[in-house]
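Q: I'd like to go through this one with you before I set anything up. Can you put it on screen?

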Amino acid sequence: MSKVHVFDHPLIQHKLSILRNEETSVKEFRELVSEIAMLMCYEATRDLPLEAVDVKTPMGIAHCQHIAGKKLAVVPILRAGLGMVDGMVAMMPNVKVGHIGLYRDPETLEPVKYYFKMPPDIQERDVIIVDPMLATGGSAAAACTFLKEVGVKRIKLMSIIAAPEGVKCMNDAHPDVDIFVAALDEKLNEIGYIVPGLGDAGDRIFGTK
Ligand code: PRP
Ligand code: URA
């Protein structure tokens with residue numbers, strides 16, 4: 001079964017409280033999504049393997065550790081996932097980025113794929129999918145399926161807010177995928193929005209409403 005990690009760090013929770021506020025401007029919303037992604041990135045990469053390295057300082061040799069060449073990729077689900085990429089790249093400047101374009105059919109809530117572009121060696125990389133909202137879970141589950149179809153073996157999912165329905169969907173479809181969230185909310189409403197959530201993440205990031 002997927003592990004769900006809820007990040008209760010005070011900085012993340014404080015920023016999330018501003019993010020949820022309907023009065024928050026597009027500019028501030030974008031900045032907050034990026035900053036929360038950056039903070040979540042610390043925790044979601046906690047298990048990266050390290051290796052010993054000796055570094056010559058002006059005063060002598062320091063026995064240090066650096067990341068052991070782990071191949072990673074960040075994969076945003078378009079559109080809203082794009083808002084989390086800057087924060088991830090700020091922490092991991094050389095990380096490769098793939099893109100999956102999905103939108104939810106407003107009637108069926110089923111994900112519809114319109115774009116899929118990955119780094120050529122994606123099957124050798126550990127992937128962190130980023131998407132601020134895990135609602136029904138249909139988009140995240142489809143993204144995992146598409147990545148597994150091209151040979152990706154290890155996937156993590158990072159979302160800012162999740163609904164219990166989305167976590168269950170991921171547990172059923174992809175029990176091997178660990179989920180990292182800043183909040184686990186109460187429920188979905190009748191049109192598949194997370195309550196209390198923050199509204200439509202894509203619209204709030206791109207100012208399309
Ligand atoms: C939103 C969100 C997720 C999806 C979550 O995208 O960014 O991708 O909904 O819902 P689900 O868990 O029920 O699949 P949306 O389809 O609104 O597209 P957008 O990002 O282009 O606005
Ligand atoms: N997508 C969003 O952007 N918000 C929700 O609450 C659910 C899906």
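**Ligand sites and backbone geometry**

A: An oxygen atom of ligand 1 lies 2.7 Å from an N or O atom in the side chain of R104, and the model is a predicted one, so these are computed values.

Q: Okay, and which residues come nearest to ligand 1?

A: There are 15 residues around ligand 1, and the ones that come nearest are R104, D131, T136, G137 and S139.

Q: What do the backbone atoms of A80 and G137 do there?

A: In the case of G137, a polar backbone atom is 2.8 Å from an oxygen atom of ligand 1, and for A80 a backbone N or O atom lies 3.1 Å from an oxygen atom of the ligand. The protein buries 91% of the 500 Å² that ligand 1 exposes when it is taken alone.

Q: Where does ligand 1 sit, and which elements supply its shell?

A: Ligand 1 sits in the largest pocket, and at least two residues of its shell come from each of β6 (99-104), β9 (133-134) and α4 (138-149).

Q: How do the residues of that shell divide into nonpolar, polar and charged?

A: The shell around ligand 1 has 6 nonpolar residues, 5 polar ones and 4 charged ones.

Q: You mentioned β9, so what sheet is that strand in?

A: β9 belongs to an open sheet of 3 strands, ordered β9-β11-β13, in which the pairing is parallel. Its edge strands, each of which pairs on one side only, are β9 and β13 (183-184).

Q: How many bridges join β9 to β11?

A: There are 2 bridges between β9 and β11 (residues 161-162), and the two strands run parallel; as for individual residues, M133 has I161 in β11 as its bridge partner.

Q: Switching to ligand 2, what surrounds that one?

A: Ligand 2 is surrounded by R104, M133, A135, G192, Y193, I194, G199, D200 and A201.

Q: Which backbone atoms lie by its oxygen and nitrogen atoms?

A: A backbone N or O atom of I194 lies 2.8 Å from an oxygen atom of ligand 2, while a backbone N or O atom of G199 lies 2.8 Å from a nitrogen atom of the ligand. A polar backbone atom of A201 is 2.8 Å from an oxygen atom of ligand 2. On its own, ligand 2 has 230 Å² of accessible area, of which the protein covers 88%.

Q: And which pocket is the space taken by ligand 2?

A: That space is the largest pocket, which is also where ligand 1 sits. The shell around ligand 2 divides into 5 nonpolar, 2 polar and 2 charged residues.

Q: What about L109, what is its phi and where is it found?

A: L109 has a positive phi of about 65° although it is not a glycine, and it is found in the loop between β6 and β7 (111-117).

Methods. Residues are numbered from 1 along each chain as its sequence is written. Chains are lettered from A and ligands numbered from 1 in the order in which they are written. This is a predicted model: local features need pLDDT of at least 70, side-chain atom pairs count only at pLDDT 80 or more; totals for chains, interfaces and linings use all residues. Side-chain values use heavy atoms; hydrogens and water are left out. A residue is near a molecule or strand if one of its heavy atoms lies within 4 Å of it. A polar contact is a pair of N or O atoms within 3.5 Å; within protein, one must be able to donate a hydrogen and the other to accept it, and residues adjacent in sequence count only if both atoms are side-chain atoms. Accessible areas come from the Shrake-Rupley method with a 1.4 Å probe; for residues, only the protein chains shown count as cover. On a 1 Å grid over the protein atoms alone, a cavity is a set of points where a 1.4 Å probe fits but cannot get out, and a pocket is an open set with protein on both sides within 12 Å along at least five of seven lines; lining residues have an atom within 4 Å of a point. A molecule sits in a cavity or pocket if more than half of its atoms lie within 2 Å of its grid points. Helices (H or I, at least four residues) and strands (E, at least two) are DSSP runs, numbered from the N terminus. Ala, Val, Leu, Ile, Met, Phe, Trp, Tyr, Cys and Pro count as nonpolar, Asp, Glu, Lys and Arg as charged, and the others, Gly among them, as polar. Two strands pair if DSSP finds at least two bridges between them.
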